Amino acid sequence: MANKEIVDGMSMQRALTRITYEIIERNKGVSNLVLVGIKTRGVYLAQRIGERLQQLEDVAIPVLTLDIEAYRDDREPKDRRQPQIDLNLNGKRIVLVDDVLYTGRTIRAALDALMDNGRPSVVNLAVLVDRGHRELPIRADFVGKNIPTAISERIKVNVRELDGQDSVEIHS
């Protein structure tokens, strides 16, 4: 399997900075905003966006972790009534953060999990990479990079917190 780096660390940082500015613009500031990172790499990306928001707006934004394992439609059903988030989401402006948007099924599961934890006023989606091939009518509001792929290819996002470096690779 051939691996090719298509986004380096600096380009990844620029994409996250651009997403951060777009979040501020779309939400007319950061009032009532909560970032929710989808486990695993989405959490690290959400934390970075949260840090940048704090630098720009001088406000600490809650950054939460969402584990969607119990909500996936390709796994055995589990008890979904376990609280996922330690914050009342009613009326909050949520930005759901993930590394790669592909079929849309992960995001569907994340939306189900969010709704079990309250009724946000708005949910936006931020992804580092949109690779296409949607199976559900889901689109990202904030995209770092559109990378058209073949179905046989894989996108691998590396984050320094887990992988020792920031990059996006395509595996064919």
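Asp58 sits in the loop between α2 and β3 (63-66), where helices (H or I, at least four residues) and strands (E, at least two) are DSSP runs numbered from the N terminus. The phi of Asp58 is positive, near 60°, in a residue other than glycine, and Asp58 is exposed, with a relative accessible area of 68%; here buried means under 20% relative accessible area, exposed over 50% and partly exposed in between, with a 1.4 Å probe and protein chains only. The structure is a predicted model, in which local features need pLDDT of at least 70 and side-chain atom pairs count only at pLDDT 80 or more, while totals for chains, interfaces and linings use all residues. Residues are numbered from 1 along each chain as its sequence is written, and side-chain values use heavy atoms, with hydrogens and water left out.

Lys28, in the loop between α1 and β2, also has a positive phi, of about 50°, although Lys28 is not a glycine. Lys28 is exposed, at a relative accessible area of 75%. A cis peptide bond, with omega about 20°, joins Lys39 and Thr40. Thr40 belongs to the loop between β2 (33-38) and α2 (41-57) and counts as partly exposed at 36% relative accessibility. Although Thr40 and Leu162 are 122 residues apart in sequence, their C-alpha atoms are 9.4 Å apart in space.

## Helix α1 and its ends

Helix α1 covers residues 9-27, which is 19 residues, and reaches 27 Å from its first C-alpha to its last, close to the expected 27 Å; the expected span is 1.5 Å times one less than the number of residues. At the N-terminal end, Asp8 caps α1 through a side-chain oxygen 3.3 Å from the backbone nitrogen of Met10. Just after α1 comes Lys28 with its positive phi.

Which residues of α1 are buried? They are Met12, Ala15, Leu16, Thr17, Ile19, Thr20, Ile23, Ile24 and Asn27. An α-helix has 3.6 residues a turn, so residues three or four places apart point the same way.

## The largest pocket

The largest pocket has a volume of about 720 Å³, a volume being the space filled by probe spheres set on grid points that are joined across faces, edges and corners. Of the 28 residues that line this pocket, Arg72, Asp98, Asp99, Val100 and Thr106 are the closest to its centre. The elements giving two or more residues to the lining are β4 (93-101), α3 (105-115) and β7 (154-158). On a 1 Å grid over the protein atoms alone, a pocket is an open set of points with protein on both sides within 12 Å along at least five of seven lines, in contrast to a cavity, where a 1.4 Å probe fits but cannot get out; lining residues have an atom within 4 Å of a point.

The lining divides into nine nonpolar, four polar and 15 charged residues, with Ala, Val, Leu, Ile, Met, Phe, Trp, Tyr, Cys and Pro counted as nonpolar, Asp, Glu, Lys and Arg as charged, and the others, Gly among them, as polar.

## A buried histidine

His171 lies in strand β8 (residues 167-171) and is buried, with a relative accessible area of 9%. The side chain of His171 makes a polar contact of 2.9 Å with the side chain of Glu169; such a contact is a pair of N or O atoms within 3.5 Å, and within protein one must be able to donate a hydrogen and the other to accept it, residues adjacent in sequence counting only if both atoms are side-chain atoms.
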